[in-house]
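Colleague: I would like to learn how to read a protein model. Could you take me through one step by step?

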Amino acid sequence: MTYSIDKGFELGNQGKNIKIRKGDFKLKFDRIINTKSGYVCGVITKRKKNCAVANSTLEKSSSVDVNYFHELLGHFGEEQTRVIAIYYGVKLSGKFNSCSDCAKAKAKQANVPKGIPDEKRSKLPGERFFLLISSIKTRSFGGSKFWLLLVDDANGFKFSYFLKRKSETAGKVIALIKHLKATLNYQIKYICCDNAGENRTLEEKSKNEGLGIIYEYTAPNTPQPNGRVERAFATLYGRVRSMLNSACLNKEFRQGLWAECATTAYVLDNLDCSGNKKPHKAFKYLRKFGKIGIVTKKDKIKGKLTNRGEECIYLGHAKNHSGEVVLF
Ligand SMILES: [Zn+2]
């Protein structure tokens, strides 16, 4: 306090909370810790890590620390982390330590519904999809408020869309159905979802398009038959929280970047090859979500004193695979 007053900060208070201020900078000591004789005020600061230049990621020839690989994969459990490493030919080293970002993120999940027993599952990839929309309290910086998730019953492969409005559902799902038919010759027979309005609209539109899909409706808030996708959401949200913890983002950024983080989480999830899953794409490189790095500026005219690069946060790969999504 004495130091900040010497440096020209103004000191003020709001009830018990002490604030210091200078120009645009404000710091509020919002933690009140009671002591025997009164109280002390504190503030929680975030540790800043990975502030070096972003280095490229995995080289198959050298080994990778298992804890680092766990972070790169978006916080899969230890067993899955090891299985995935073997599948993709990544050599792991070191001992798996319990991850504090996961401990905070994945504290016991209550009442996650059980999935359908294996023998009742579809055998044919693309035959049956489970569909569910999850709504988030705050909009992301890009305006997304809803997470639309589809899970393939046969192999657990996932497709995600981030929507501003639920009414975007039909357009996204119909485009996906056509894409899967054209590229993988999938003939989707069943979509299992609740009977919310946007799903009824989807059914109507797919009838109009002659797609020949049967919609199996479950009543809202009775998730049991739709357990597959409920469980997928629970797992993905756990990983999203771990990734946000690991990226040391403040509340505003956690909320603003949830859709970017969720995109990265579901893309990484599709690398999972445990159980009977067979991911069909090999990854070229991975970077840790939220890693801070330096990106070269592309402006043609640069001032002599202007930095050639700028600090940015890595958020994931661009959809068209042509680059990476970063935030300056
Ligand atoms: Zn973790």
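Modeller: Gladly! Helices (H or I, at least four residues) and strands (E, at least two) are DSSP runs, numbered from the N terminus. Residues are numbered from 1 along each chain as its sequence is written. This is a predicted model, where local features need pLDDT of at least 70, side-chain atom pairs count only at pLDDT 80 or more, and totals for chains, interfaces and linings use all residues.

Colleague: Where is L249 found?

Modeller: L249 sits in the loop between α7 (227-246) and α8 (251-256).

Colleague: Is L249 buried or exposed?

Modeller: A residue is buried if 20 or more other C-beta atoms lie within 10 Å of its own, exposed if 12 or fewer, and partly exposed in between, with C-beta atoms placed from the backbone. L249 counts as buried because it has 20 C-beta neighbours inside 10 Å.

Colleague: Which residues is L249 in contact with, leaving aside its neighbours within four places in sequence?

Modeller: Contact means that two C-beta atoms, placed from the backbone, lie within 7 Å. With those neighbours left aside, L249 is in contact with L244, R254, L257 and G290. Along the chain, L249 and G290 are 41 residues apart, and 8.0 Å separates their C-alpha atoms.

Colleague: How many residues has the largest nonpolar core?

Modeller: A nonpolar core is a set of buried Ala, Val, Leu, Ile, Met, Phe, Trp, Tyr and Cys residues joined through C-beta atoms within 7 Å. Here the largest one has 48 residues, and F130, L131 and C261 are among those with the most contacts inside it. Helix α9 (residues 258-269) gives the largest share of this core, seven residues. The core lies between domain 2 (113-264) and domain 3 (292-327), because both give residues to it; domain bounds come from an automatic or database domain assignment.

Colleague: Now the strands, please. How do strands of a sheet pair?

Modeller: They pair through backbone hydrogen bonds, either parallel or antiparallel. To count a pair, DSSP must find at least two bridges between the strands. In this model, three strands form an open sheet in the order β1-β2-β3, with antiparallel pairing. Its edge strands, β1 (10-14) and β3 (25-29), each pair on one side only. Five bridges link β1 with strand β2 (residues 17-22), and L11 stands opposite I20 in β2.

Colleague: What joins β4 to β5?

Modeller: A hairpin does, through two residues. Strand β4 (residues 31-35) and β5 run antiparallel, joined by five bridges, and I33 stands opposite V40 in β5.

Colleague: How many of the five residues in strand β5 are buried?

Modeller: The count is zero, so to speak a strand hardly covered: that is β5 (residues 38-42).
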